[in-house]
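Please have a look at the model first.

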Amino acid sequence: MLQKVLLSIVLIVLGYGFWVSADFKEISAGVAIFLFGMISLENGFKAFTGGTLENILRKSTDKLYKSIGFGMLATTIMQSSSLVSILTISFLSAGLIGLAQGIGIVFGANIGTTTGAWLVAGFGLKVNISAYAMPMLVFGVIFIFQKFKSLKGIGYILAGLGFLFLGIHFMKEGFEAFKSTIDLAAFGGTGIKYLFIFTGIGIFATVVMQSSHATLVLIITALAAGQISYENALALAIGANVGTTITAIIGAMSSNIVGKRLAGAHLIFNVVTGLIAIIFIHQLMISVDFVSNFVGIATDDYTLKLAVFHTIFNFIGVVVMIPFINQLVIFLEKYMTLKESEKDETTIDTVKYLNDAVLEIPETSLAVIISETKHMYENAFDIITQGLNLEKSVVVSTVPIEQSVCTDFTKSINIDDSYNRRIKGIYGDIIDFSTKVQFNISPEYIDEIYDIKRANRYLVEAVKDTKHLQKNIIKYSQSTNKHIQEEYIKIRRNLAEILRDINILYTTKEDDLIILLISKSKIHIEKYDLISNGILDDLIRNALITNQMATSLMNDSTYAYSIGKNLILMAEILFIDTTSDLKTMQKESIMNQSEVEQLLEKESNYGIK
Amino acid sequence: MGLSKLIENITNTLSFESKDLKKQNKKESVDNILGKLKKRKKKVLKSLKEKPKKNEKKELEEQLKIIKFHIKKTEKLLSKMD
């Protein structure tokens, strides 16, 4: 209710603003286009989750020095720390990197941005990446219309960048009217009070001009004209450094909580760095003079001295903040918390147990692969229960299984996204690690490795089948046709029962219970298979469902059967303890398919009609 | 007898003993599981006698069928080992 009222107020205020001010309209349009660019960029990067880009990013940012180096290099090439911050927010939102790596990149970007000051000051050179905005937009849209996922992804990234620049352009145009209000000479003065005033002006000017480089040019001009003192110019540069975070803050508005946290980290870093620079301004000035003398910069060459100052204070900022990165992450996670519903939407899960150090020890390697597969199983279990819209807490309890079937479909998850974040990476790493282990391990363990690889594949198949099933589950569980609705609820309830048994298999240590539950589940999936038990025929014969519904039900029944089958096959491999009596019996006691069929045939009263 | 022959004899004896030990272990495992299954059967039978609700009764009966099947299968496996 409160949200609806707020939305109405915002719409009214915007409408009034557009009516009274053309500049306001332009700024708002700029922000809107910019945010649209962010969404497009995030969609583009999502196409690359679990793929080459993720691997490259992960490898280039897995250590702090690497992520800082990555940020430095990227900013030096692109000559825009804002753009690098925006891209980092997109990486984070798409689940390609973690917050700590993102912070490292932002720190690096702050050092990388100092090269811009050198280029402007030393060579009068200004790299203008925004000149490519329009071509990016055109190429981006062409790529979006292509069939291949990766080309589409590139298309979204290019279009996203194009829209970002276009948005910035509109914001700049809109702020043009405010630019004339920045009269630096009017604020002339010295002392700590003026330091803060000029820092504030620096922030304002950068927000207005949407570029710290543009502010730098303004500072140099004012300094050369004698409008401001050298000390005030430094304060303006500090302000420009803080003001530049506005782009990331606007960008984070459209991103998820992880992106917002990074924007928060960016702001905290630049504010802290700015405060350090203001407090130690005199010491910094002495350092600038010392370095300038050392490299041969003339005493009155304030332009280059400004570049030296910019570099020194950003370096100091990074050096001071590096030891606090973990605390910063903890702080941001504590105060910028996820809503329960967002938790699963943003977390990227990586391997917990795999470690190349154990490759030389066969038994340990095997144990590690099993543990990692169990970890993947936990994720798959979550995704399947949520994908089927089942209440997990009920599925894993002893409460009647009917109660696990939820009727609220507003919280349905995106299985593709969950798969990319919680399965794909781990699966890839398990297969990679198992293949490495195979070369070092003695032949007696090889079969076991193959078995575990198969268990992994079964899990992946079960998740993918759930994805296929989900669409119609949402559609038909809410259908007005009671017959089809009932069948889809039955499919979910039966799968909930299988999931409950699988969960017991995962947690129990009792050998006999394992045998019994595997048999029970095998019988269960056969017994409730709609195609073979005749229910589907009855529904069609009596015209209780349409042809389209019948086709969907037939396909989905196959998917449901496959989910159950894959989960059982996985459990047979994964949940029988390698040291148990059952393992010694080499699964001879497990009920095989022909035995299941025999048992079902014998029971004439097994029909569920 | 040459040294190589002696080593071969020792290896064969050890391998035979190891196979024998494995077989013995396997038999013990099967025996163990059979015991547990029988215990579980008793438990289910007891629950059935306590007049459960209709739904519970159906479930217990299905459990019993599966348990009986596995007891039979395990006994067969055990007899093959003797």
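In this predicted model, helix H15(A) passes helix H16(A) in a right-handed crossing, meaning that the near helix is turned clockwise from the far one by less than a right angle. H15 of chain A covers residues 281-295 and H16 of chain A residues 302-321; helices are DSSP runs (H or I, at least four residues), numbered from the N terminus. Their axes come within 9 Å and cross at roughly 120 degrees, which makes H15(A) oblique to H16(A). Axes are lines fitted to C-alpha atoms over the stretch in contact, with angles from 0 to 180 degrees between N-to-C directions; under 35 degrees counts as roughly parallel, over 145 as roughly antiparallel, 65 to 115 as roughly perpendicular and the rest as oblique.

Among the residues of H15(A) that meet H16(A) are Leu284(A) and Val288(A), and the H16(A) side includes Phe309(A) and Ile312(A). Residues are in contact if their C-beta atoms, placed from the backbone, lie within 7 Å.

Chain A also touches chain B, with 13 residues from chain A and 16 residues from chain B. On the chain A side, H24(A) gives the most, with 6 residues.

| Contact | Nonpolar | Polar | Charged |
|---|---|---|---|
| H15(A) with H16(A) | 7 residues | 2 residues | 1 residue |

The predictor gives the complex an ipTM of 0.76 and a pTM of 0.60.

Residues are numbered from 1 along each chain as its sequence is written, and chains are lettered from A in the order in which they are written. Local features need pLDDT of at least 70, side-chain atom pairs count only at pLDDT 80 or more, and totals for chains, interfaces and linings use all residues.

Terms used: Helix = DSSP H or I, 4+ residues; strand = E, 2+ residues; numbered from the N terminus. Contact = placed C-beta atoms within 7 Å. Nonpolar A, V, L, I, M, F, W, Y, C, P; charged D, E, K, R; others polar.
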